[in-house]
Amino acid sequence: MNREAKAKMPGTHGLTETDVATSPEASPEATQPILSITDLTLGVKRGNSTTSIVDGVSFDVAPGDRFGLVGESGSGKSMTLRAIAGLLPGGVEVLSGHAYFRGVDLFSLSAEDRRALMGPQIAMVFQEPMTALNPVMRVGEQIAEGSRRHLGLSRKAAMGLAVDMMAKTGIPDPIRRARAYPHELSGGLRQRIMIAMALSCRPKLLLCDEPMTALDVTVQHQVLNLLEELCDDFDASLLFVTHDLAVVNQTCSELAVMYSGRIVEFGTVASVLQNPRHPYTKGLLDSAPDFDQPDRALIPIPGFPPHLADKTPGCSFAPRCSFATEACLTGTPPLTTVRPTTMQPTTVQPGAGVACYRSDEIAEGVLA
Amino acid sequence: MLQRLSFIPGRLLQAVPVVFGVTLVVFFMAHLLPGDPATAILGDKATPASLEALRVQLGLDQPIWAQYGLFLANLFQGNLGISFSFQRPVAELVFQAIPVTMSLVLFSMVLALAISIPLAAIAASGPNKPRDLLVRFFTLIGQGMPQFWVGIMLILLFAVNLRFFPVGGFGNSPLDNLYYLFLPALTLAISISPVFIRSLRSSTISVLGSDYVATARSKGAAGAPLFRQHVLRNAAIPTVSIIGITLGYLVGGSIVIEKVFAIPGLGSLMLNAIYNRDFPTIQAVTLFVGLFVVIVGILTDIAYTALDPRVNLTGKARA
C-alpha cells in the first residue's frame, strides 16, 4: 500500500499488518467491521433504462466473523460478492453504494490499488472447482502465482509455500500433486487447491461463492470443516454465499437472507433460523429437510422468484407469500430493526432486522 | 508429457499408407493430364521416329502399372527421375527449392502470428467496441484483397518507391533472406492472418469470460501477465489446427507469390514444370507437398499435446 492510497483512507485504520501492530492501543480493528457494505445497488444499463440486480444492500462483517449471505439463484447474492471482489461480469455495474474494506471504500480505489488488495487482503473461493482452475497450468504454479506477485517470493520459495498450503488443506502427497494439472484431480481436491490458493497470501477476508455446491455431500462436510479451521488459523473473516441453510447453520455466526436483490432478513444465525421473522426465511426452512424431525412434511414455497426485469410494486415476495395483505402489494416494506418479542426475548440480538409488515405476527407464531 | 507423446510412432506408421496413397495420386494424375512428355521435350517439329525412341527411353511405352512400379522402385532409392526441362536430377532441383520455400513459409507464419496475436487480443479486450470493429474491418479487407495484388502493391510501395526492400529474388545467407523474403512473407501473412485473428479473437473472448480467468483476477492478475499466463495458451488451442491447415496450404499456395517476387522456390519450380510438361518434377513437388501435409498433421497433434495437458492421443487411459 503506497502513501497516496493510505492518505485516502478515512480514520486511523490502515491496511497493512504494521499499521495494526504499531497502534495497538487504539485497537480500532476490534470494533470496526472488516467489511461494511452500505446501500449497494448493482444493475445493468441498457440505453436509458437500468435493471437493478441488487437493490440497496447493506451489511457488516466483523473481524473474525463468519457471515452467511443466503438466497436462491438470481437473488443477487453472488453478484454482491463479485462486486466486492471487483469481478462483476461485463455489463453489470455498481450503480450506487459503498463497500468499505477496513475503512477504505473499494469502489473509490483505482483498478491497480484494488488488484493489490486481491490476494493479500481479500481472496475468493469460487463455486465450480471444475472450471475455476486454469486447465493448462500445474496447480502448484497456480497457487504460487499470488505469493510471487504480492509477497515477492522467488519461484522456488513460492512453490515451497504452495506445497505447504496444500499440506495444510489436507491434500495427501502435496509435492507430487503440486505438479498435477487440474483435470487429474477430483472435485474435492480441486476445491482444496482453490482454498490453498485463496489463503496463500494470508488474506483478512475470504469470499466464498457457494464453494460446496459442486461437491459430493461427504466431501462437502470435509471441505467445510477445513475452511472453518483454516479461517481460524489464518485469522480471516469469512463472507459465505450459499443457498444451503444447513451450511450456514454449521459455519456462520451471522446471516442475511436475500430475495430478489434485497436483504429481507438479517441477524445472528441462531436467532434467524430458530425464529424466522420473514415469510421467505420461514419458507426456506420449511422446504428444507430437517434430520432432527424426519417425519416433518416439507412445505415448498409456491411459485417462482420474480424475473429481474419485471419488478412489481410492493414487496417482491408478496405474490408467493401466504401472509400477504393489500399493503404488501403496494408498498415495499423497509428493512427495520427487530424489536424483542414477548415470545423469545433472549434470542433476539440488537443487530437484527427484517423487511416485512407482518414480521411480528410471524415471529410470535400467530400466523404459523 | 513424454507418455502422452507415445502416440507418435503409431501416427508415423499410420502415415505410411497415406503416403503410399499420395504416390498413387501423384503418379496417375500426371498421366491423366493431356499432352505427351516426349512431344513436350522434343517440340512440335519432332519426327514420329524420334518421338517413339524417346518414349522407349523414358519408359513411356510400357504398361502403366509397370511404369508405376518403376516409379516406386526409383522413389525408394531416392531417385525421382531426371527433369525433362532442366536435364538434371529432379531430387537435386527439389532439394534446392525446399529450403527457399520453407523459409518463406515459416517467415510468413511468424509474421502472421506477430500480427494476429496482438490484434486478436485488442479486439477481444472489448467486444463490439470501436477497437474490435476496426480489427474486424481489417480482417475483412485482408481476406478480400487478392494475394498477388497485395504483393505487387507492397513491391510498388516498399521496393520501388521507398526502396526499403528488394523487388524480388533470394539472398545468399539466412540473414540476407530475412531481408529478401520480408515483402513476400508479409504478403502471405496479410492473406492468412484474418483467419487466425478471427479464431483467436473468438476463443480469447470465451477464455476471458471463463471461471479460471476470474480466479486469476481474484489473485490480482491483470494486463499482460494475465494474458500471457492464463489467456493465450488456452485461447491458442483451437487455433493450432487452423495453423496446421494453413501451413499445408502455404507450401502449395505460395506459387503465385513466388512468381510475383521471383523467388526460386517450390512454387516457381512447379509452375515451370507445368508449363513444360516436366512430369518428374511435377510428381516430385506434389509428392513433397503431400508428405509435408502429413508431417504437419503429426506436428499439429504434437502441438496439441504440448499445449493442452488434457489431450491424450495415445488412446490409453492414464494410470
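User: Domain bounds come from an automatic or database domain assignment. Which domains does the assignment give for chain B?

Analyst: In this predicted model, chain B is assigned domain 1 (10–76) and domain 2 (90–307). Residues are numbered from 1 along each chain as its sequence is written, while chains are lettered from A and ligands numbered from 1 in the order in which they are written. As the model is predicted, local features need pLDDT of at least 70 and side-chain atom pairs count only at pLDDT 80 or more, whereas totals for chains, interfaces and linings use all residues.

User: Thanks! What separates the two domain centres of chain B?

Analyst: Taken over C-alpha atoms, the centres of domain 1 and domain 2 of chain B are 34 Å apart. The domains do meet: 13 residues of domain 1 of chain B are in contact with twelve residues of domain 2 of chain B. Contact here is defined by C-beta atoms, placed from the backbone, lying within 7 Å.

User: Which element gives the most to the domain 1 side?

Analyst: That is α1(B), with ten residues. Both α1 (8–32) and α2 (37–42) of chain B give two or more residues to that side. Helices (H or I, at least four residues) and strands (E, at least two) are DSSP runs, numbered from the N terminus.

User: Switching topic: how many residues of chain A touch chain B?

Analyst: 22 residues of chain A are in contact with 18 residues of chain B. On the chain A side, α4 (111–117), β6 (122–125) and α5 (139–150) each supply at least two residues, and α5(A) gives the most, with four.

User: And what classes of residue are on that side of chain A?

Analyst: Twelve nonpolar, six polar and four charged residues. Nonpolar covers Ala, Val, Leu, Ile, Met, Phe, Trp, Tyr, Cys and Pro, charged covers Asp, Glu, Lys and Arg, and the others, Gly among them, are polar.

User: Which residues touch the most other members in the largest nonpolar core?

Analyst: The core has 163 residues, and those touching the most other members include A:A162, A:L239 and B:V285. Helix α5 (residues 90–125) of chain B gives the most to this core, with 17 residues. A nonpolar core is a set of buried Ala, Val, Leu, Ile, Met, Phe, Trp, Tyr and Cys residues joined through C-beta atoms within 7 Å. Buried means 20 or more other C-beta atoms within 10 Å of a residue's own, exposed means 12 or fewer, and partly exposed lies in between, with C-beta atoms placed from the backbone.

User: What does A:L239 touch?

Analyst: Leaving out residues up to four places away in sequence, its partners include A:L35, A:F67 and A:L207.

User: Now sheets. What is the order of the eight strands in chain A?

Analyst: β6-β7-β8-β3-β9-β10-β12-β11, an open sheet with mixed pairing. Strands pair if DSSP finds at least two bridges between them. Its edge strands, β6 and β11 (336–337) of chain A, each pair on one side only. Inside the sheet, β9(A) and β10(A) run antiparallel, joined by six bridges, and A:Y259 has A:R262 in β10(A) as its bridge partner.

User: Last one: where is A:G351, and why is A:G351 partly exposed?

Analyst: A:G351 is in the loop between β11 and β12 (353–354) of chain A. A:G351 counts as partly exposed because 15 C-beta neighbours lie inside 10 Å. The C-alpha atoms of A:G351 and A:S58 are separated by 12 Å, although the two are 293 residues apart along the chain.

Key. Two residues are in contact if their C-beta atoms, placed from the backbone, lie within 7 Å.
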